[in-house]
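Subject: Structure for you to look at

Hi,

Here is the structure I promised to pass on. Please open it first, then read my notes below alongside it.

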Amino acid sequence: MLVTRTLVHKNFSKKTFFSSTSKHFLTSQHFVRDTGIRSLNRCSNMGVKLRDIINRLNVMAPLKLAESWDNVGVLVEPDSDKIIETILLTIDLTEDVLEEAIENKAQLIISYHPNIFKSLKTVSQNHWKERIIIKCIRNGIAVFSPHTSWDSVEGGVNDWLGSAFQTQSSKAILKNKEYPDSNIGAGRLLSLAAPITFRKAIDDVKEHIGLSHLRIGVSRHKDLDSLISTVALCAGSGTSVLNGVQADLYLTGEMMHHDVLEATQNGIHVILCNHSDSERGYLEHFQEKLIKSENINVMVSKVDRDCLTIV
Ligand SMILES: [Zn+2]
């Protein structure tokens, strides 16, 4: 499925992107020229070699930006010379998502969360994660996981989440030590262009993420009409990044009860929007970025969804 190159999510597309090859920050216009898929090694009228796609992905978000504890990169590689014609983007690689990839004849799945994280002692039919690996290899489907490299990079998942708001500035909360003068790193601390009420912030997040319900923690001595000027956010599970950060609002996917209590008792509102729902909307944005090739189909999974629903 080819999609048009329309811009998405307010001003998000105007943010800068990082090029590992040039080590310069590039505007999105330059980014198109710099990473245009025309420079990839075409093998036929349709498709690109897996190794060339992987090189391109590493330019878009260098894997060295990932956290040291993470497991990123090519996690399943049936054949490095495989010609990739269709890519499926997902947050989690489940057996249902894999079926979708097979039905759509995808040769590469980009799974934001690593489908292999802890060491495996067997690759058998006894566990769903192991069955996925077997089925991927049988069907010649490679799996690439960018995870925290996408969180850290400028223009990545956290910047997408922050584009729910009109901002004056955005800084990484935990800066990458190799790039101390950049906004590369974990989480984002936003200074809003103008104060907004907590109620408006909730509505902005609902609209941006596409959810009708969120969980919120209202700060002590404040209410839905209190004003917010600063937002600390972290897509996914944000506690370790947000803990102790001074802001009017914490925005993340999930936090434990005592961490929400700590924040709200310290004068900080909290919005929780489900772990993967705080990440999933980025896939459509990334689809637009990756689809610079006219000859590669890039799809976003239709069956991938958060495993929790508020009813
Ligand atoms: Zn996550």
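Predicted model: local features only at pLDDT ≥ 70, side-chain atom pairs only at ≥ 80, totals over all residues.

What does β7 pair with? On one side there is strand β6 (residues 86-90), which pairs with β7 in the parallel sense over 4 bridges. Leu 89 has Ile 110 of β7 as its bridge partner. Strand β8 (residues 142-145) also runs parallel to β7, and 3 bridges join the two. Here Ile 110 stands opposite Phe 144 of β8.

β6, helix α3 (residues 95-103) and β7 form a right-handed β-α-β unit. β7, helix α4 (residues 128-138) and β8 form a right-handed β-α-β unit too.

**The sheet around it**

The sheet is open and has 5 strands, in the order β4-β8-β7-β6-β15, with mixed pairing. Which strands stand at the edges? They are β4 (73-76) and β15 (297-300). Each has a single partner strand, so one side of each is left without a neighbour in the sheet. On average, neighbouring strands of this sheet are turned by 25° against each other, direction ignored.

**Two helices with a buried face**

Helix α2 (residues 50-60) lies across β4, β7 and β8. The helix runs at about 10° to β8. Its residues Leu 50, Ile 53, Leu 57 and Met 60 are buried. Seen down the axis of α2, the buried residues fall within an arc of 80°, so they line one face of the helix. They pack against β3 (48-49), β5 (83-84), β7, β8 and α10 (282-290).

Now take α10. Its buried residues are Tyr 282, Leu 283, His 285 and Phe 286. They cover an arc of only 160° around the axis, which puts them on the same side of α10. Their cover includes β6, α6 (157-162) and β15.

**The annotated positions**

This part starts from a record. An unreviewed UniProt entry lists His 113, Asp 151, His 275 and Glu 279 under "binding site". They are spread over 167 residues of sequence, yet they cluster in space: the largest C-alpha distance is 13.5 Å.

I looked at two of them in detail. Is Asp 151 buried or exposed? Asp 151 is buried, with 29 other C-beta atoms within 10 Å. Asp 151 lies in helix α5 (residues 148-152). Not counting residues up to four places away in sequence, Asp 151 touches Gly 156, Val 157, Asn 158, Ala 186 and Ala 235.

Glu 279 sits in a loop, between β14 (269-272) and α10. Glu 279 is buried, with 26 other C-beta atoms within 10 Å. Neighbours within four places in sequence aside, Glu 279 is in contact with Ile 91, Tyr 112, Val 157, Ala 235 and Gly 236. Val 157 and Ala 235 therefore deserve a look from both ends, since Asp 151 and Glu 279 each touch them.

Asp 203 is found in helix α7 (residues 198-209). Asp 203 counts as partly exposed, with 14 C-beta neighbours inside 10 Å. His 213 is 10 residues from Asp 203 along the chain, and their C-alpha atoms are separated by 9.8 Å.

Last, strand β13 (residues 249-254). This strand is mostly covered: 6 of its 6 residues are buried. Strand β12 (residues 227-237) pairs with β13 in the parallel sense over 5 bridges. The bridge partner of Ser 237 in β13 is Glu 254. β13 also pairs with β14 in the parallel sense, over 4 bridges. There, Tyr 250 has Val 270 of β14 as its bridge partner. How is the unit of β13, helix α9 (residues 257-265) and β14 built? These three make a right-handed β-α-β unit.

Best wishes

Technical notes. Residues numbered from 1 in each chain as written. Pairing = 2+ DSSP bridges. Right-handed = clockwise from strand over helix to strand, strands pointing away. Axes fitted to C-alpha atoms, helices over the stretch in contact; angles between N-to-C directions. Contact = placed C-beta atoms within 7 Å. Buried ≥ 20, exposed ≤ 12 C-beta atoms within 10 Å, placed from the backbone. Arc of directions from axis to C-beta. UniProt positions renumbered as here; feature names shortened; annotations may be inferred.
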